[in-house]
Every structure is written in structure tokens, then in C-alpha cells.
Amino acid sequence: MELSTPAIITIAVILALVLLIALSRFAKNYIKVPPNVVAIFSGRRHKLPDGKIVGYRMVRGGAAFKWPLLEKVDYLSLNVFTIPLEIRRAYTLEGVPISVKAVANVKIKGDDLSLGAAAERFLGMPPDQIQRVIFQTLEGHLRAILGTLTVEEVNSDRQSFAQKLTSEAAQDLERMGIGVDVLTIQEISDDEGYLDALGKK
């Protein structure tokens, strides 16, 4: 039985529409991920390189297909966060209250272990809230370190002071998947005139 020309045209149009819909669905679920972002596909079981079974998979700097209805995608930024630190009247070893201004550049680390730790803690959290958590961690360590140093030690070698702060905070930050790129001490001051007296001496 031969098909008439109108029937052939109708079938061709239907096939073209089906193909377009299929391509559209594929394109919608083909997720492209830039290198400064990690995409977390959750909803299906996935085996990690260490053999651990988790309910998500991570894609960074590439592309992957999202299974419709079975998976959802969330994103974590790998961009640098600039955290301004300003501690007022923190007490040094001799009990002198000093104020410190510093700035830290931190980011979520790119290895699988760190990405997994960051995903568990920060996924779905707005950037300002992530910054607040990191700030509170750094602030706590800064106050603790100041309590172990004299004013002279803090003031005379700021680079060493910054390195000590970075080392002390690193363990807690690494548990959250965070690494410190740079930490700089910008200003050290006090309201008692202690630093001025040191300068005059």
C-alpha cells in the first residue's frame, strides 16, 4: 500500500517534531559546568574512588547529563572569597588589648575530598553565609593566637604572625573543604598607647 504525498509529509512533520522535542529535552538536561564551579548531581547512588557509596556525583570543568526526574543539580562556586577580619580589643599574652585588621583570600579546594566536605556543609547556602562561617572560624583562631603572643611579637613580624594564624586555622577550614590562598595583616593598633611607646623607645 503506497502512502499518498500528504501522508508522507504528515509523517515527516511528526518525526521532525519528535526529533526536535528529543533534542530539546537532551539539551535541557545536558549540563555544562565552567571550571570555576562544581556541579553536584544528587538523587542517584554513586561510587567514589575510595569505594564509598554516596547519593551524589560531582562534575567540575566539563559537562554531564542530568537524568530527568531522578537527579537535581546544585552548584558550588570555586571562586575566591575575600574575608575582611577586624578584631577589636583582643588581649595579648601580657594582657594588653590590641586591635587587628587583616584580610584573607580563601576558596573551596578542588580535590574530591574537599569538594565532598564543602558540599555537605555549604550546598544551597548563600555566599554571604559561607563567608560568615569562614570569618567566625578565622576570628576565633586570631583571638586565640593573640593570647599566646606579646605585643612586640605581633608587631615586629607580621608575616610570621599571619603564617601562624593560617597554620592554626587550616585544620578547621580543611574539614569544611576550605583552603587559605593568602592572609595579610593590614594594621595593628591599640587604645592604650602601648605601640606608640614601643616606637618611641
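This is a predicted model: local features need pLDDT of at least 70, side-chain atom pairs count only at pLDDT 80 or more; totals for chains, interfaces and linings use all residues.
Q: What is the relative accessibility of Arg89?
A: A residue is buried under 20% relative accessible area, exposed over 50% and partly exposed in between (1.4 Å probe, protein chains only). Arg89 counts as partly exposed because its relative accessibility is 37%.

Q: Which pattern does the protein follow along the sequence?
A: The protein has six helices and six strands. Read along the sequence, they follow the pattern α-β-β-β-β-β-α-α-α-α-β-α.

Q: What radius of gyration does the protein have?
A: The radius is taken over C-alpha atoms, and the globule rule is 2.2 Å times the number of residues to the power 0.38. The C-alpha trace spans about 110 × 35 × 20 Å along its principal axes. For 201 residues a compact globule would have a radius near 17 Å, whereas the protein has 27 Å.

Q: Which residue has its side chain in polar contact with the side chain of Glu71?
A: Glu71 lies in the loop between β2 (53-65) and β3 (72-77), and it counts as buried because its relative accessibility is 7%. A polar contact is a pair of N or O atoms within 3.5 Å; within protein, one must be able to donate a hydrogen and the other to accept it, and residues adjacent in sequence count only if both atoms are side-chain atoms. At 2.9 Å, the side-chain partner of Glu71 is Arg57.

Q: The charged end of Arg57 sits over the ring of which residue?
A: A charge sits over a ring if NZ of Lys or CZ of Arg is within 6 Å of the ring centre and within 35 degrees of the ring normal. The charged end of Arg57 lies 4.3 Å from the centre of such a ring, that of Phe41.

Q: What is the angle between the planes of Phe65 and Trp67?
A: The structure holds one aromatic pair, formed by Phe65 and Trp67 at 5.5 Å centre to centre. Rings of Phe, Tyr and Trp (its six-membered ring) pair if their centres lie within 6.5 Å; planes under 30 degrees apart count as stacked, over 60 as edge-to-face and the rest as tilted. Phe65 is partly exposed at 27% relative accessible area, as is Trp67 at 41%. Their pair is edge-to-face, with an angle between the planes of 90°.

Q: Which residues does Phe135 touch, not counting residues up to four places away in sequence?
A: Phe135 has its place in helix α3 (residues 127-146) and is partly exposed at 23% relative accessibility. Its C-alpha atom is 9.8 Å from that of Thr82, 53 residues apart along the chain. With contact meaning heavy atoms within 4.5 Å, Phe135 touches Ile83, Pro84, Leu85 and Glu86.

Note on methods
Residues are numbered from 1 along each chain as its sequence is written. Side-chain values use heavy atoms; hydrogens and water are left out. Helices (H or I, at least four residues) and strands (E, at least two) are DSSP runs, numbered from the N terminus.
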